[in-house]
Amino acid sequence: MTTVQRVGTRLLVGGELLSDVGAELDVTNPSTGAVQRSVPLGDTELTSTAIGAARAAFDNGEWSLRPAAERAAILHRLGDLVEQHAEDFTGLVVSEVGTVARVAGPGQVARPMDHYRDMVAKGTSDLNRALPVLPGPPVTRQEVIREPRGVVSAITPWNAPHLLNLWKVAPALATGNTLVLKPAPEAPSCALLLGELAVEAGVPAGVLNVVTGGVEVGERLVSDPRVDMVTFTGSSAVGRSIARSAADTLKHTLLELGGKSALLALDDADIASLTRSVLRFVTLSGQGCGLLTRVLVPDTIHDDVVDALVAAVARVRVGPADDPEALMGPVISESARDRIERTVSDAAAGGAEIACGGGRPDGLPTGGFYLEPTILTGVTNDMPIAREEVFGPVVCVFRYSGDVDEGVRLANDSAYGLVGAVWTQDVERGRKAAQRIRAGQVKVNAVASSNEAPFGGFKQSGVGRECGIEGVQEYTAVKYVAWPDADSAV
């Protein structure tokens, strides 16, 4: 397996890097099932100290009132250091998440830096807006300004740790906030390494704090009255709990939650490109909220689409994440593997058919948490597997008549609304269908998005947006300021 350097092993609290806090957290390598490394394990007392450090750093104005150009310089210096440690970050994603190396480097380490640089640039630009002068008397000038919200708690998941850490750290710090970051216990080290590099880059004490911990640490970060905003990426169930707790002190929340994203194929869909789009689910072993795991296919092309998907999945090499030939690695844990297996078994018992997969691949390390990529057919919208996020390498194929109205209705018949897609050779027809799909991102015959694209969902997929100018503005509060014109003042 990949040998990871001893980086990313210290917490960051109030500018101090802590390697010994009295308890340790063992981190398992999902490719082997063995403990990969141990890192310091924080608790509520240390979390309270981190919140206090962030509060003091914000209130003293050293960061929030610092000229934007100076904040930008420090954050770009941090970006330079992150890029210099790209190999370390990639090794951590491979060994702690189980993301295959061919995906971890480009998709989870290199690409996020584009987002990081863009959000730093946007967050340190002039976000204020002048309003028309009031004629008076007295003549009055007026402006809408955006200022930092204050102390931000950021809670990130394990499936794309480096990317999502950057998605929260960059806009929060660029706009002048201070932040306490809690990474997922399954994959904490990218956040810890980011904290270590922040000290080296000259981020002032208390501006960025990184604390590990379990549920009790997360609860403290959400409930503490010294915190002004909570940003969370994870399950809808936890997101609802956070929203309830944050409501007690009316904190601003940015919640990027679950998905059950639909690809709506129209009757003229190009099957080859559709198949390539759906097959992206193997790159994260199905552990991504925005993956297209519901495929709605007209009767006329249903069997051809299923045959193409099955043939494509048969060519997928499952293996250890550091295997350069592997297209799909393990899932995150033994409990996740067992849950996904039960979900597939229950679906088959409920009437779905396993077109391929559904088991564990042979010939792989016995301790790893491997599953075969699975295609289910005969799925209907009343089945639990059609309604609930599996978060594993499982795609459901639904048959419908081909009527666009029916297809849109099926796509929208979900508690989630994160991502959607429409596949058709008639782009204008596809755009009209896309406008009717209730999701935060909908693409027609496309999978890519730019730095400008806001990411977030409708319904139980969350509230707020990340990335783009909309994502940066989430971290700012709006204030109206008016003053008499100097030339007309009495």
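A residue is taken as buried when its relative accessible area is under 20%, as exposed when that area is over 50%, and as partly exposed in between, with a 1.4 Å probe and protein chains only. The structure is a predicted model, in which local features need pLDDT of at least 70 and side-chain atom pairs count only at pLDDT 80 or more, whereas totals for chains, interfaces and linings use all residues. Residues are numbered from 1 along each chain as its sequence is written, and side-chain values use heavy atoms, with hydrogens and water left out.

By the burial criterion, helix 6 is mostly covered, with 11 of its 13 residues buried; helices here are DSSP runs (H or I, at least four residues), numbered from the N terminus. The buried set comprises Ser 189, Cys 190, Ala 191, Leu 192, Leu 193, Leu 194, Gly 195, Glu 196, Leu 197, Ala 198 and Ala 201. Just after helix 6, Gly 202 takes a positive phi of about 95°.

Two packed helices are described by the angle between their axes and the distance between the axes. Axes are lines fitted to C-alpha atoms, for helices over the stretch in contact, and angles run from 0 to 180 degrees between N-to-C directions. The axes of helix 4 (residues 101–123) and helix 5 (residues 161–174) come within 9 Å and cross at roughly 10°, and the two helices are therefore roughly parallel to each other (angles under 35 degrees count as roughly parallel, over 145 as roughly antiparallel, 65 to 115 as roughly perpendicular and the rest as oblique). Their contact (heavy atoms within 4.5 Å) involves residues including Met 113 and Tyr 116 of helix 4 and Leu 166 and Trp 167 of helix 5.

Helix 9 (residues 271–278) packs against helix 10 (residues 299–314) at an angle of about 50°, with the axes 10 Å apart, which makes helix 9 oblique to helix 10. On the side of helix 9, the contact is made by Ile 271, Leu 274, Thr 275 and Val 278, and on that of helix 10 by Ile 301, Asp 304, Val 305, Ala 308, Leu 309 and Ala 312. Asp 303 also lies in helix 10 and counts as partly exposed because its relative accessibility is 47%. The C-alpha atoms of Asp 303 and Thr 377 are separated by 9.9 Å, although these residues are 74 residues apart along the chain.
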